[in-house]
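Welcome! Have a look at the model first, then try each task before reading on.

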Amino acid sequence: MNFEHLRALTAIVDEGTFEAAADALGITPSAVSQRIKALEASVGQVVVRRGAPCTPTEAGAVLLRTARQVQVLEAEALHSLGHGISSRTVTPVAVNADSLATWFVPVLQEAADWSDTTLDLHVEDQDHSSRLLRQGDVIGAVTGDPAPVSGCRLERLGFMRYVPVATPALRRRFTTEAGVDWADMPVLRFNAKDDLQLRALRARGVDRSPPTHTVPSAEGFLAAVRAGLGWGMLPELQLGTDLTDGSLDLLEDHAHHDVALYWQSWALDSERLHRITECVRRVAREHLRATEQDGPGAGPPA
């Protein structure tokens, strides 16, 4: 495989179009097209879906991961040879929104001092971020998937605890003599992939969906819960003093759900990759729970 062909593939996926890739590479769109055609001829398969934006095919995803690995190793080799000392290498990493809003922040603080690296963060649900590794979009990911991606290393970081909370006013409105009316109390969800609340409802025997509001932002989700829009499963790391000062109520004593988080990264001998892996590991050890303890009615593990 020709390195220039792989660079063209990476540029197309990153920029979205052949024209934008040409601008990024400093060549003509025709030259980009010729390189992709040559790459497809060499592997005997189509590697790019022509669309808006362009996306890699299954074969293209395999080559994309190879291309990114080559770029990482090439940058480090040039650095070791005394070339490109002042250049920064883009390091794409996937992290779920709740982690990014809480325990992952110290990772960003350390990365601020990495003069040879720029982070390209992809925010994705923890149960789906491993897909980005398979596609070659990222070199490492905080994920809830315990199954290792082919060609990647996997290690468990710890457990993130979620608790069901609501404002005292909302809780009073939907409390009967039998307890919380889970079937009618409005609920929040982060997006269509977020099933934490649904699991909690099913564990309490609720089969139908109550009024559901979608708030696709970690900070916005917390703000919506505080505003009384609905109840939600919130990370305890995000709550601060909300429970102690009475701003929010825990809807059930001792109710919680611990979500296991893992770090998956390419099995690549790269100084940059080793550095961010060690940083993520250390920060997770300081902030996440080391063991799982599911509370009553918490539902199955994520």
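**Exercise 1.** Find which residues of α9 are buried, and what covers them.

*Solution.* Begin with the residues: Leu196, Gln197, Arg199, Ala200 and Leu201 are the buried ones in α9. Here buried means under 20% relative accessible area, exposed means over 50%, and partly exposed lies in between (1.4 Å probe, protein chains only). Helices (H or I, at least four residues) and strands (E, at least two) are DSSP runs, numbered from the N terminus. Next, look at the cover, which includes β6, β9 (187-189), α10 (218-226), β11 (232-235) and β13. Finally, step past the end of the helix: Gly205 follows α9 and has a positive phi, near 80°.

Two notes on the ground rules. This is a predicted model, in which local features need pLDDT of at least 70 and side-chain atom pairs count only at pLDDT 80 or more, while totals for chains, interfaces and linings use all residues. Residues are numbered from 1 along each chain as its sequence is written, and side-chain values use heavy atoms, with hydrogens and water left out.

**Exercise 2.** Describe the chain as a whole: how many helices and strands does the chain have?

*Solution.* The chain has 12 helices and 13 strands. Its C-alpha trace spans about 70 × 40 × 30 Å along the principal axes. Of the 302 residues, 48% are buried.

**Exercise 3.** Work out how α1 and α4 pack: at what angle, and with which residues?

*Solution.* Two packed helices are described by the angle between their axes and the distance between the axes. Helix α1 (residues 3-15) meets helix α4 (residues 58-80) at about 110°, and their axes are 9 Å apart. Axes are lines fitted to C-alpha atoms, for helices over the stretch in contact, and angles run from 0 to 180 degrees between N-to-C directions. The two helices are therefore roughly perpendicular (65 to 115 degrees; under 35 is roughly parallel, over 145 roughly antiparallel, the rest oblique). On the α1 side, the contact (heavy atoms within 4.5 Å) includes Phe3, Leu6 and Val13. On the α4 side, Leu63, Ala67 and Glu74 are among the residues taking part.

**Exercise 4.** Locate the nonpolar cores: which residues touch the most other members of the largest one?

*Solution.* A nonpolar core is a set of buried Ala, Val, Leu, Ile, Met, Phe, Trp, Tyr and Cys residues joined through side-chain atoms within 4.5 Å. The largest has 47 residues, and Trp103 and Trp231 touch the most other members. Elements supplying at least two residues each include β3 (89-95), β13 (257-266) and α12 (271-287). The most comes from α12, with 6 residues. A second, separate core has 18 residues, including Leu6, Val13, Val32 and Cys54.

**Exercise 5.** Compare two residues: is Ser130 buried or exposed, and where does Arg50 lie?

*Solution.* Ser130 sits in helix α7 and is buried, at 2% relative accessibility. Beyond its neighbours within four places in sequence, Ser130 is in contact with Thr143, Asp145, Val149 and Gln264. Arg50 lies in the loop between β1 (48-49) and β2 (55-56) and is partly exposed, with a relative accessible area of 47%. Leaving aside neighbours within four places in sequence, Arg50 is in contact with Phe18, Ile36 and Glu40.
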